[in-house]
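Welcome! Let's walk through this structure together, one question at a time.

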Amino acid sequence: MSQTSPDVLSQRFELGFTYTRSTGPVVGHFLTALKNKQLVGNRGSDGRVYVPPAEYDPVTAEALQDYVELGDTGIVQSWVWVNEPRAKHLMDKPFAFAQVVIDGADVPMLHMVDAGSESAMSTGMPVKLRWAETTRGHITDIACFEPV
Amino acid sequence: MSEDKTGITMMDAPIYLDYNFTAGSATSRFLHGLKQGVLIGQRCPGCDAVYVPARGSCARCGVATGEDVVLSDKATVESFTIVYIPIPGNPIKPPYIIANVVPDGANISFIHLISECNNEDVRIGQRVQAVWKPESEWTYAMDNIIYFKPIDEADIDPEQIGR
């Protein structure tokens, strides 16, 4: 404990909510595939492919089941450069948050691109998924995307 | 979809909020008092209510509380509950008693443990006194008081607790 002035006491304090969430069948299917280093989406009633898979059809609200295995490449649809990553970011060097449309999918997914510098980023650039060293069935099994 | 028995069904999703907690001048005075083994409250200049731990203002009058009041470490049980369910991370073994106690000289209660008694004998209006850690272990923390224990004094009429 430290004192910020002669009288007033101040102290670091961490409030932790250590939740474990149930995934439900659709997200569970997606995470199980990630554990096996396989990206899986699903197809909606209008033929569009969602990744991560959608639990319910955005058009008809029907439960979606038509899973589609996807590759590990995609295109950056939009992005923002994070020049000064904060402690809670998953990368400790500058990176981009990007909407990546996986090849074969129609709806972008939000993830990080490890491009090294902002000048290496551009809309429409091809990227490739980088897997975490060990996968465990969690969204962080996708370490990030990197320029091709 | 058929249930995949080997599939992922749960994921950890913890949230950690990191704060720099600053006690403020009123609560800091209370904590400095605890470091010395003394309970310090503050009196409202408007209604004379004594708050402990003081937050620096009177909830009733909306004015700053300025005058420090040294309180006894004897108190009265205002309410209590017997806890039977273990709480993760809490080292205290159930069943134990959590009580709102009003220190003598104060008008509001704070929460603490009651021990050195049969849980079944604890009652509203019962007189209790703080059991302190050894002085060498005192810090700026409420757990300088380990718990409150019943003392041999007549019960307070529930209507008069904190008056």
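A residue is called buried under 20% relative accessible area, exposed over 50%, and partly exposed in between. Keep in mind that this is a predicted model.

Q: What kind of aromatic pair do Phe95(A) and Phe97(A) form?
A: Their ring centres are 4.9 Å apart, with 80 degrees between the planes. Planes over 60 degrees apart fall in one class, so the pair of Phe95(A) and Phe97(A) is edge-to-face.

Q: Which residues touch the most other members of the largest nonpolar core?
A: Nonpolar side chains tend to be buried together in soluble globular proteins. Here the largest such core holds 27 residues. Those touching the most other members are Leu39(A), Ile102(A) and Val113(A).

Q: Which element gives the largest share of this core?
A: Several elements of chain A give two or more residues, including helix 1 (24-35), strand 7 (73-82) and strand 8 (95-102). The largest share is 4 residues, and it comes from strand 8 of chain A.

Q: Which residue lies over the face of Tyr140(B)?
A: A Lys or Arg can sit over a ring if its charged end is within 6 Å of the ring centre. At 5.6 Å from the ring centre of Tyr140(B), the residue over the face is Lys35(B).

Note on methods. Residues are numbered from 1 along each chain as its sequence is written. Chains are lettered from A and ligands numbered from 1 in the order in which they are written. This is a predicted model: local features need pLDDT of at least 70, side-chain atom pairs count only at pLDDT 80 or more; totals for chains, interfaces and linings use all residues. Side-chain values use heavy atoms; hydrogens and water are left out. A nonpolar core is a set of buried Ala, Val, Leu, Ile, Met, Phe, Trp, Tyr and Cys residues joined through side-chain atoms within 4.5 Å. Buried means under 20% relative accessible area, exposed over 50%, partly exposed in between (1.4 Å probe, protein chains only). Rings of Phe, Tyr and Trp (its six-membered ring) pair if their centres lie within 6.5 Å; planes under 30 degrees apart count as stacked, over 60 as edge-to-face and the rest as tilted. A charge sits over a ring if NZ of Lys or CZ of Arg is within 6 Å of the ring centre and within 35 degrees of the ring normal.
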